[in-house]
Amino acid sequence: MTAPKTMFAKIWDRHLIADLPGDERLIAIDLHLVNEVTSPQAFEGLRVAKRTVRHPERTMAVADHNVSTSERRLTIADPLSRVQVETLESNVREFAVPYIPLLSRRQGIVHVVGPELGLTAPGTTIVCGDSHTSTHGAFGALAFGIGTSEVEHVLATQTLVQKPSKTMLVRFEGSLGQGVTAKDVVLAMIGRIGSGGATGYVIEYAGSVIRGLDMAGRMTVCNMSIEAGARAGMIAPDETTFAYLRKRPFAPKAQAFDEAATEWRALASDAGARFDREVEVDASVIAPMVTWGTTPEAVTTIAGRVPDPGDQQDPLRAAQMAAMLEYMGLNPGQRLAGLRLDAVFIGSCTNGRIEDLRAAAAVAKGRHVAYGLRALVVPGSGAVKAEAEAEGLDRIFLDAGFEWRDAGCSMCVGMNADRLRPGERAASTSNRNFEGRQGPGGRTHLVSPAMAAAAAIAGALVDIREFKEQSL
């Protein structure tokens with residue numbers, strides 16, 4: 001009899017190639033997603049060493065961080081952004097790596113494109129030179145971000161040197177309250193365990209709340225695992241997973257899909273499998289969340305107030321909180337609801353899927369963006385944009401005064417033209433609120449898509465429970 005295994009252990013063991021000195025291991029990589037930011041040095045390393053890409057058919061490249069979302073057909077204005085995209089296009093031609101062109105309908109954010117094409121599959125190992133690769137764990141894959149030198153190693157060998165991670169089970173039980181979404185669920189968890197609470201762990205999410213989420217919600221949760229310090233986040237594949245994957249372009253077809261699904265069901269952690277740490281979360285007490293500081297763990301409910309650093313016994317923590325409040329322009333005890341905004345961003349690999357846009361449109365329908373506020377809606381991919389337009393969501397947003405953009409990372413990260421100006425305050429559906437993340441001096445409050453849309457209408461942070469959604 002073999003001991004019960006976690007899902008992580010099952011996938012790890014199937015991909016283990018060799019034990020290396022110390023506690024390092026060599027594992028096989030099934031899918032390598034490549035972007036324009038972390039790949040230039042990697043391709044140059046191959047060129048210098050006169051090496052080729054080992055498995056181009058297991059590699060997919062897409063530009064997303066630096067692309068323009070206002071007019072895709074025009075030359076990228078920023079010289080550095082333009083060079084990064086042009087360098088990727090040159091490298092994929094030279095090394096025969098599959099690439100999704102900028103003007104393709106399939107183009108978009110890599111962590112949106114991968115799942116919707118069916119490149120993401122349960123039981124696989126997936127890497128990308130981007131920390132939010134953990135998104136793909138929503139399908140029961142072991143997916144994580146890697147550095148530039150590791151990108152080169154995977155390109156050259158389709159393998160990677162890694163240390164085994166510890167495992168953490170986070171179980172959400174209970175019923176979600178009004179206005180509470182997957183974004184609120186994961187923000188509440190990060191607020192509870194801290195931005196370093198899962199360092200060294202792979203998190204497996206479980207419980208009735210997780211099982212009740214659609215794939216967009218599951219991807220949101222796994223996407224932000226990294227914000228708790230985790231190496232990856234994972235959810236066991238089930239009928240919801242299979243329904244999403246069936247008929248995707250690169251997914252198995254017909255009988256092959258049914259056979260694959262049988263294997264995928266067996267990936268779930270065995271009864272009695274031991275985790276290094278377990279966390280239980282009562283989901284019924286989670287409310288719509290909003291961040292107040294410059295890390296996702298600096299979060300409270302929309303009905304809450306800015307905490308007081310003076311209440312902290314740890315002087316280092318108190319100093320950190322004081323620095324965050326100074327940067328954010330907030331005072332201890334200040335109410336977050338009603339805080340005036342300059343901009344709203346709806347999009348990113350966290351919340352740029354069709355389900356997210358529908359949720360935002362249901363709030364925006366028949367209303368109008370507050371005077372003087374800039375509000376961007378950026379689909380996560382060309383396919384999401386086309387689907388939204390077919391449903392008339394673009395018209396809802398445009399009529400309400402939102403900007404309707406092409407796909408891309410956009411304002412999630414200030415590497416393109418979509419940025420906050422110094423001192424501007426924004427409600428954002430992205431995953432990080434670090435200093436300068438959305439533009440130098442920009443102040444970011446992380447919220448769900450519905451909360452962001454409501455904030456755009458109100459011109460301030462507002463409790464979504466006070467808004468009535470419209471029928472689409």
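This report walks through the fold, strands, cysteines, cavity and a few single residues of a predicted model.

## Ground rules

Residues are numbered from 1 along each chain as its sequence is written, and side-chain values use heavy atoms, with hydrogens and water left out. Because the model is predicted, local features need pLDDT of at least 70 and side-chain atom pairs count only at pLDDT 80 or more, while totals for chains, interfaces and linings use all residues.

## Overall build

The protein chain has 16 helices and 19 strands. Both are DSSP runs, numbered from the N terminus: helices are H or I with at least four residues, and strands are E with at least two. The radius of gyration of the protein chain is 22 Å, close to the 23 Å from the globule rule for 472 residues, so the chain is as compact as a globular protein of that length. This radius is taken over C-alpha atoms, and the globule rule is 2.2 Å times the number of residues to the power 0.38.

The C-alpha atoms fill a box of roughly 55 × 55 × 45 Å, taken along the principal axes. Of the 472 residues in the protein chain, 59% are buried. Buried means under 20% relative accessible area, exposed means over 50%, and partly exposed lies in between (1.4 Å probe, protein chains only).

## The parallel sheet

Five strands form an open sheet with parallel pairing, in the order S5-S4-S3-S6-S7. Two strands pair if DSSP finds at least two bridges between them. Which strands sit at the edges? They are S5 (99–100) and S7, and each pairs on one side only.

Strand S6 (residues 125–128) pairs with S7 in the parallel sense over 4 bridges. Within this pairing, Cys128 has Gly145 in S7 as its bridge partner.

## Antiparallel partners

Strand S1 (residues 16–19) and strand S2 (residues 25–28) run antiparallel and are joined by 3 bridges. Ala18 stands opposite Leu26 in S2. The two strands form a hairpin with 5 residues between them. In the turn, Gly22 has a positive phi of about 75°.

S2 also pairs with strand S8 (residues 159–162), in the antiparallel sense, over 4 bridges. Here Leu26 has Val161 in S8 as its bridge partner. In a regular strand the side chains alternate between the two faces of the sheet.

A disulfide is a covalent bond between the sulfur atoms of two cysteines. The rule used here asks for a pair of cysteine sulfur atoms within 2.5 Å. By this rule the count is 0 disulfides.

Cys222 is in no disulfide either, since its nearest cysteine sulfur, in Cys349, is 12 Å away. Cys128 is buried, with a relative accessible area of 0%. Cys222 is buried as well, at 0% relative accessibility.

## One cavity

A search of the whole structure finds 1 cavity of 30 Å³ or more. A cavity is a set of points, on a 1 Å grid over the protein atoms alone, where a 1.4 Å probe fits but cannot get out. Grid points are joined across faces, edges and corners, and the volume is the space filled by probe spheres set on the points. The largest cavity has a volume of about 50 Å³.

Lining residues have an atom within 4 Å of a point. Here they are Phe8, Trp12, Leu142, Phe144, Gln162, Lys163, Ser165, Val202 and Arg231. Helix H1 (7–15) and strand S7 (142–145) are the elements that give two or more residues to this lining.

## Two positive phi values

Most residues other than glycine have a negative phi. Lys247 is not a glycine, yet its phi is positive, about 75°. Lys247 is found in the loop between helix H9 (239–245) and helix H10 (254–265). At 75% relative accessibility, Lys247 is exposed.

Ser348 also has a positive phi, near 90°. This residue is found in helix H12 (residues 348–351). Is Ser348 buried or exposed? At 1% relative accessibility, Ser348 counts as buried.

Terms used. 1 Å grid on protein atoms, 1.4 Å probe; cavity = no way out; pocket = protein on both sides within 12 Å on 5 of 7 lines; lining within 4 Å.
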